[in-house]
Amino acid sequence: MERAIPAREKVSPYILEVVDGLKENRLAVVGLAIVVSLVLMAILAPFIVPHDPIELHLDLRLLSPSWQYPLGTDDLGRCILSRLIYGTRVSLQVGVMVVGITAISGSLLGLTAGYLGGIIDEIIMRIVDVLLAFPGLILALVIAGLLGPGLFNVMLALSVVGWTRYARVVRGCVLSAKERGFVEAARAIGSSNFYIMFRHVLPEALSPVIVMSTLGMGWTILSAAALSFLGLGAQPPMPEWGSMLNSGRAFLRVAPHLITFPGLAIMVTVLAFNFLGDGLRDALDPRQKKRVEI
Amino acid sequence: MDLLQISNLYVNFTTKAGVVRASDGVNLEIKQGESLCLVGESGCGKTIVALGIMRLLPQNAQISGKIWFKGKELLSLGKEEMRRIRGREIAMIFEQPATCLDPVFTVGDQIAEAMRVHERCSGKESKEKAIDLMEMVEIPSPQKRFKQYPHEFSGGMQQRAMIAIALSYNPSLLIADEPMTFLDVTIQAQIMELLKDLVSKFRTSLLLITHDLGVAAEMCDGVAVMYAGEIVEKGRVSEVFKYPKHPYTKALLGAISNDGLKPIKGSVPELTSLPSGCKFHPRCPLVRDVCREARPEMKNGVRCHLWEKS
């Protein structure tokens, strides 16, 4: 099919270009669709669940999927579908909170380190090095273990572990951005360092941070589920995918749907964020812009 | 009194290759409303002098000497005081306008931004002023151009935008570091005219850095010829270009004479290992023994042994 060239000649704003770039990537569109439906599911949870996610029905334990219980019931007779839908809320909350905290704090620290340089740079980056020397999940496990079980502590632990990558990437971008001509020009008209940092240097690091945040959502949700699986995160009766896996583990042979569906939910969510992140990376990278042959 | 007086400006860089003497005792004066041209080959330290005045040198630079501007000694000012002078009192235009505009903001936004650096100014007010400035530097249809990004501007238009930014506070001194080098010849002439008009209109002093002697002759009252980190000759443009004294100035002028190109033999010495005596002596056609040994002093506007005697 031939594309209409005149329409492309119109200068479209940057955002539209990114959306265009994203549209060309099928997987990214699928990822975006899944993410949007997950968000809708989380928001509309009370209206779309078929059953109460916490109410116990001891007479209806370990039912296989049926019309009444589309994904079956768990060992305490709770509807798995309803619990999964409510679990979306928990996972997305954890993801947004942790990614928000880590992306903002990591970016600010990376910006400070890269722009100011010297001893401040050394201190921040050595802390980053130390934190990165540990495997992330293990360190989060230790921190969450020390703080005690609970969803808040898991978020805290993941935040402590997660900011380092943002700091590193942002610092790298800042180091190259601060040598650019427009930074010198901004100095020459008397702009203050603080102003230059936030107006001219930080935007240079924005697109990698957006990509990392999207990919980070997947990582965070997966890690939070892992910690919950180990009993450190969400506490019963809160419906959480990781802890659902954990409680279903004992019934692997008699009722495999207990772990199949939460597992699938985690996998689909993480995949969706990864697809979206990959797509965004391609769409936001100006170097990969294709030239149109006429 | 001079608007700007530089005395004994030394700028050294400590590098792995040794100490680079980028500015080796430079003395310069610019009067109110005067335009001075700093000419010389690439790598002789012209830009370093300009950046020294702005105090925007790289971190590994050691700077000493005195720079008097409106009764203040710039090198002894605090960082914050210096920041208030930049842009408001001394503005600078750089060589490559394309890299000096931030690609993520519209050009109009960046001109308006300059207005907000030193004074509180509402968004609307600064936008109006920015459009006025764009008209002043003759950017056609400024309302439309205000919303465009730097990549939608041609090189000449970008440089006009940079001039608008530089003149936003009506500074007393404008430093233009090779503002025409990256432009087409026809555009060069336009920008030159524009700068000349604006400078005389606002009675702004101009320090023009260039290696284009034609531009220098056209635009400036005074000229200072720089070679390997020092001023070798200075004076009125009309005198220096008509009756050059220093062999280097002669060679520079001769290089573009009507008899075809006559390159100066050799190249600017490495600033890490400068020759003894007169720095120009390895390339000088009139070299004598004394030139190899003693460094000539600046006398009667020229730094040359041949002129000390006569």
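Is B:Ser126 buried or exposed? In this predicted model, B:Ser126 has a relative accessibility of 0%, so B:Ser126 counts as buried, the limit for that word being under 20%. You will find this serine in helix α5 of chain B, which covers residues 123–136. Setting aside neighbours within four places in sequence, B:Ser126 is in contact with B:Ala112, B:Met115, B:Arg116 and B:Cys121. With one of these, B:Arg116, there is also a polar contact from side chain to side chain, at 3.3 Å.

Let us stay in chain B and move to strand β7, residues 173–177. Five of its five residues are buried.

B:Glu178 is found in the loop between β7 and α8 (185–202) of chain B, and its phi is near 45°, a positive value in a residue other than glycine. Most residues other than glycine have a negative phi, and most peptide bonds are trans. B:Glu178 has a relative accessible area of 6%, and therefore it is buried.

Strand β1 (residues 2–15) and strand β4 (residues 61–69) pair in the antiparallel sense over eight bridges, with B:Gln5 and B:Trp68 as bridge partners. From β4(B), two bridges lead on to strand β5 (residues 72–73), again in an antiparallel arrangement; here B:Phe69 has B:Lys72 as its bridge partner. The hairpin of β4(B) and β5(B) has two residues between the strands, and in it B:Lys70 takes a positive phi near 50°. B:Lys70 is not a glycine, and its place is in the loop between the two strands, β4 and β5. Its relative accessible area is 41%, so B:Lys70 is partly exposed.

Now turn to chain A, whose secondary structure comes to 11 helices and zero strands. Its C-alpha trace spans about 75 × 55 × 30 Å along the principal axes. Of the 294 residues in this chain, 45% count as buried. Take the contacts in chain A between residues at least 6 apart in sequence: 71% of them join residues at least 24 apart. The chain exposes about 15,600 Å², with carbon and sulfur atoms supplying 68% of that area. As for charge, chain A has 24 positive and 21 negative side chains, and the centres of the two sets lie 2 Å apart.

One last stop is a peptide bond in chain A. Between A:Pro236 and A:Pro237 the bond is cis, with omega at about 5°. Look for A:Pro237 in the loop between α9 (193–229) and α10 (241–248) of chain A.

How values were computed
Residues are numbered from 1 along each chain as its sequence is written. Chains are lettered from A and ligands numbered from 1 in the order in which they are written. This is a predicted model: local features need pLDDT of at least 70, side-chain atom pairs count only at pLDDT 80 or more; totals for chains, interfaces and linings use all residues. Side-chain values use heavy atoms; hydrogens and water are left out. Helices (H or I, at least four residues) and strands (E, at least two) are DSSP runs, numbered from the N terminus. Buried means under 20% relative accessible area, exposed over 50%, partly exposed in between (1.4 Å probe, protein chains only). Contact means heavy atoms within 4.5 Å. Accessible areas come from the Shrake-Rupley method with a 1.4 Å probe; for residues, only the protein chains shown count as cover. Lys and Arg count as positive and Asp and Glu as negative; His and the chain ends are not counted. The place of a charge is taken as NZ of Lys, CZ of Arg, CG of Asp or CD of Glu. A polar contact is a pair of N or O atoms within 3.5 Å; within protein, one must be able to donate a hydrogen and the other to accept it, and residues adjacent in sequence count only if both atoms are side-chain atoms. Two strands pair if DSSP finds at least two bridges between them.
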